[in-house]
Amino acid sequence: MRVLVDLNRCQSYGQCVYAAPEVFRFRGAESLEYEHVPDAESDRAVDRAARACPVQAITLGRATASGTAVEPGGAGIGEVR
Ligand code: SF4
């Protein structure tokens, strides 16, 4: 799974950090860092994090030949390259 966070949309609520601390973390007070391609064992936690984000800033996808396709039900806009 691939993870993309729209940091312009992110409001630093921290719900993703609580849901998947092995993938999302804050550096300093409000700067979000995350693993772009987390281990497969984190898939369920990452999915919970995406669903918990109050501003739907987290897009989940999978690798395809043409880029990264957004998972059904993800918060994305179709195709992320
Ligand atoms: S839950 Fe959403 S708004 Fe909050 S820190 Fe994570 S990505 Fe940002």
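1. Order of elements. Read from the N terminus, the elements of the protein follow the order β-α-β-β-α-β-β-β, which comprises two helices and six strands. Helices (H or I, at least four residues) and strands (E, at least two) are DSSP runs numbered from the N terminus.

2. Basis of the values. The model is predicted, so that local features need pLDDT of at least 70 and side-chain atom pairs count only at pLDDT 80 or more, whereas totals for chains, interfaces and linings use all residues. Residues are numbered from 1 along each chain as its sequence is written, and side-chain values use heavy atoms, with hydrogens and water left out.

3. Burial and surface. Of the 81 residues in the protein, 33% are buried; the term means under 20% relative accessible area, with exposed over 50% and partly exposed in between (1.4 Å probe, protein chains only). The accessible surface of the protein is about 5200 Å², and carbon and sulfur atoms account for 46% of this area. Accessible areas come from the Shrake-Rupley method with a 1.4 Å probe, and for residues only the protein chains shown count as cover.

4. Contact range. Among contacts in the protein between residues at least 6 apart in sequence, 44% link residues at least 24 apart. Contact denotes heavy atoms within 4.5 Å.

5. Ligand site. The ligand is surrounded by 13 residues, of which Cys10, Tyr13, Gly14, Cys16 and Cys53 are the closest; a residue is near a molecule if one of its heavy atoms lies within 4 Å of it. This shell consists of nine nonpolar residues, four polar residues and no charged residues. Ala, Val, Leu, Ile, Met, Phe, Trp, Tyr, Cys and Pro count as nonpolar, Asp, Glu, Lys and Arg as charged, and the others, Gly among them, as polar.

6. The ligand takes up the space of the largest cavity. A cavity is a set of points, on a 1 Å grid over the protein atoms alone, where a 1.4 Å probe fits but cannot get out; a molecule sits in a cavity if more than half of its atoms lie within 2 Å of its grid points.

7. Positive phi values. Two residues deserve a check of backbone geometry. Ser12, in the loop between strand 1 (2-5) and helix 1 (15-19), has a positive phi of about 60° although it is not a glycine. Ser12 counts as partly exposed because its relative accessibility is 23%. Gln56, in the loop between helix 2 and strand 4 (58-64), likewise is a residue other than glycine with a positive phi, near 50°. Gln56 is exposed, since its relative accessible area is 51%.

8. Ser42. This residue belongs to the loop between strand 3 (31-34) and helix 2 (43-52). Ser42 counts as buried because its relative accessible area is 8%. Neighbours within four places in sequence aside, Ser42 is in contact with Glu22 and Val23.

9. Arg25 and Ser31. Arg25 is located in strand 2 (residues 24-27) and is partly exposed at 30% relative accessibility. Beyond neighbours within four places in sequence, the contacts of Arg25 are Val17, Ser31, Leu32, Glu33, Tyr34 and Glu35. Ser31 is part of strand 3 and is partly exposed, with a relative accessible area of 39%. With residues up to four places away in sequence not counted, Ser31 touches Arg25 and Phe26. Ser31 and Leu7 are 24 residues apart along the chain, and 9.0 Å separates their C-alpha atoms.

Note on methods:
1 Å grid on protein atoms, 1.4 Å probe; cavity = no way out; pocket = protein on both sides within 12 Å on 5 of 7 lines; lining within 4 Å.
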